[in-house]
Amino acid sequence: MNTSNNTTRLATFERVESQVRSYSRSFPKMFDRAVGATIFDDKGRAYTDFLAGCSSLNYGHNQPDLKAALIDYISADGIAHGLDMFTRAKEKFLASFERHILTPRGLDYQVQFTGPTGANAVEAALKLARKATGRDNVIAFTNGFHGVTLGALAATGNGKHRQGAATPLSGVTRAAFDGYYGPDVNTADMLERQLSDPSSGMDAPAAILVETVQGEGGLNAASAEWLRQIEAIARRHGALFIIDDIQAGCGRTGGFFSFDGMGLTPDIVTMAKSLSGMGLPLAVTLIKPEYDTWKPAEHNGTFRGNNHAFITAAAALETFWADGGFEAEVARKAAYLSERLEAIADAHGLRTKGRGMMQGVETQGGEQAQAICKLCFDKGLIIEASGSFDEVVKILAPLTISQKQLAAGLDIVDAAFGAVLGSQLAAAE
Ligand SMILES: Cc1ncc(COP(=O)(O)O)c(C=O)c1O
């Protein structure tokens with residue numbers, strides 16, 4: 001394709017698509033194909049993908065087992081859309097989820113299929129907690145991100161997204177996340193103190209909603225001890241304990257759930273993003289049976305039966321979670337990632353953040369992080385920043401990425417830090 005043709009085609013987006021688009025502004029290319037951890041633009045240039053659909057592609061693009069399962073299913077005229085009717089595809093997913101995820105962990109959850117996005121799963125969780133307790137107040141944390149529909153947005157901290165509501169966001173009280181006031185302040189103690197004081201002004205909560213690692217909020221990782229304390233506070237004060245595992249789950253931090261091995265049993269868990277394994281929309285709210293008090297169709301939606309996603313999700317569970325091999329592989333890559341990021345951070349007097357394959361480096365500010373991400377993109381790496389000021393350069397590589405490609409991608413990150421921080425240093429001298 002010649003350049004003028006390409007420019008004309010990009011102009012279609014300018015002309016027709018809403019201004020709300022965002023990632024296309026950071027990565028202004030026409031993408032066409034993708035395999036594993038590589039995306040190709042329409043000129044055939046390969047980019048390593050350290051964004052992975054914002055953790056929706058933990059098993060990579062077009063993972064062969066998942067793709068084959070979906071092609072077979074479509075070829076056999078399998079049902080694509082089934083509302084919430086019983087289908088073979090849904091049974092396959094539920095049975096695999098029970099066998100590979102719930103039973104081995106001794107977890108007992110009812111699986112609610114919500115509308116297909118993460119925000120839908122969060123909306124369902126909040127509604128249910130309020131319904132179960134007869135209370136309105138939900139406690140959510142500083143820098144938390146839970147989606148942008150009004151109920152979920154009320155729980156989201158991000159100022160830019162909150163502004164988009166243009167209406168009061170209610171029913172949520174903000175508490176400080178682990179480490180918000182530095183390592184010496186136990187914010188769980190602060191929350192306990194507020195909830196124990198009938199005149200603190202904090203209403204009795206229906207739920208405490210938390211991410212174990214705040215993906216959009218800047219890779220703040222809560223300690224297991226803090227999370228256990230938060231769970232105990234929820235129990236003591238009659239609130240449901242909800243973990244939003246939409247970004248940190250499905251192996252991103254190591255285990256299938258980001259809270260695996262922490263001794264936590266949340267009352268509700270929300271999941272979406274990589275659940276389908278192929279980037280197909282699929283979200284669930286996992287509910288302890290005693291809180292599954294929905295009446296039929298009380299919370300519904302037309303797209304709760306994405307049968308193509310059920311097929312790929314079941315294939316992902318069979319392929320990656322039937323034994324401990326994948327988890328061990330992710331742990332190895334995460335250790336390598338830590339080592340490389342710590343070296344980059346040390347070289348520039350910065351610090352690393354996050355956990356597992358969800359880590360990054362905190363720069364001195366958004367402009368610096370943007371410059372680094374832009375340089376990476378110029379060199380063929382797709383990567384973004386998160387945090388209050390977009391100051392954390394965040395690595396979300398597919399978990400299936402080869403060691404060689406991970407190393408090469410990190411070489412680009414390393415060089416970009418060197419170039420941007422080096423030139424800023426030179427400019428300051
Ligand atoms: C932790 C968490 N919760 C909820 C959401 C919202 O999911 P969705 O964008 O699919 O509505 C996100 C999205 O980034 C998220 O990271």
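1. Basis of the comments. The structure is a predicted model: local features are described at pLDDT of at least 70, side-chain atom pairs count only at pLDDT 80 or more, and totals for chains, interfaces and linings use all residues. Residue numbers start from 1 in each chain, following the sequence as written.

2. Domains. The protein chain is divided into domain 1 (77–320) and domain 2 (323–357), with bounds that come from an automatic or database domain assignment. Their C-alpha centres lie 25 Å apart. Domain 1 gives 11 residues to the contact and domain 2 gives 10 residues; two residues are in contact if their C-beta atoms, placed from the backbone, lie within 7 Å. On the domain 1 side, the touching residues are four nonpolar, six polar and one charged. In these classes, Ala, Val, Leu, Ile, Met, Phe, Trp, Tyr, Cys and Pro count as nonpolar, Asp, Glu, Lys and Arg as charged, and the others, Gly among them, as polar.

3. The four-strand sheet. An open sheet with mixed pairing has the strand order E1-E2-E3-E15. Strands (E, at least two residues) and helices (H or I, at least four) are DSSP runs numbered from the N terminus, and two strands pair if DSSP finds at least two bridges between them. Strands E1 (31–35) and E15 (381–382) are at the edges with a single partner strand each, so one side of each has no neighbour in the sheet. E1 pairs with strand E2 (residues 38–41) in the antiparallel sense over four bridges, and Arg33 has Phe40 of E2 as its bridge partner. The hairpin of E1 and E2 has two residues between the strands, and Gly36 in the turn has a positive phi of about 60 degrees. Strand E3 (residues 46–49) and E15 run parallel, joined by two bridges; Asp49 stands opposite Ile382 in E15.

4. The seven-strand sheet. A further open sheet, also of mixed pairing, has the order E4-E12-E11-E10-E7-E5-E6. Its edge strands, E4 (110–113) and E6 (172–175), each pair on one side only. Strand E5 (residues 138–141) and strand E7 (residues 207–210) run parallel and are joined by two bridges, with Val138 opposite Ala207 in E7.

5. Helices against the strands. Helix H6 lies across E4, E5, E7, E10, E11 and E12, and runs at about 165 degrees to E11. Helix H10 lies across E7 and E10, at about 160 degrees to E7. Axes here are lines fitted to C-alpha atoms, for helices over the stretch in contact, and angles run from 0 to 180 degrees between N-to-C directions.

6. Helix packing. Helices H9 (residues 187–196) and H10 (residues 224–236) pack at an angle of about 10 degrees, their axes 10 Å apart. H9 and H10 are therefore roughly parallel to each other, a term for angles under 35 degrees. H9 contributes Ala188, Leu191, Glu192 and Leu195 to the contact, and H10 contributes Trp226, Gln229, Ile230 and Ile233. By class, these are six nonpolar, one polar and one charged.

Conventions. Parallel < 35°, antiparallel > 145°, perpendicular 65-115°, else oblique.
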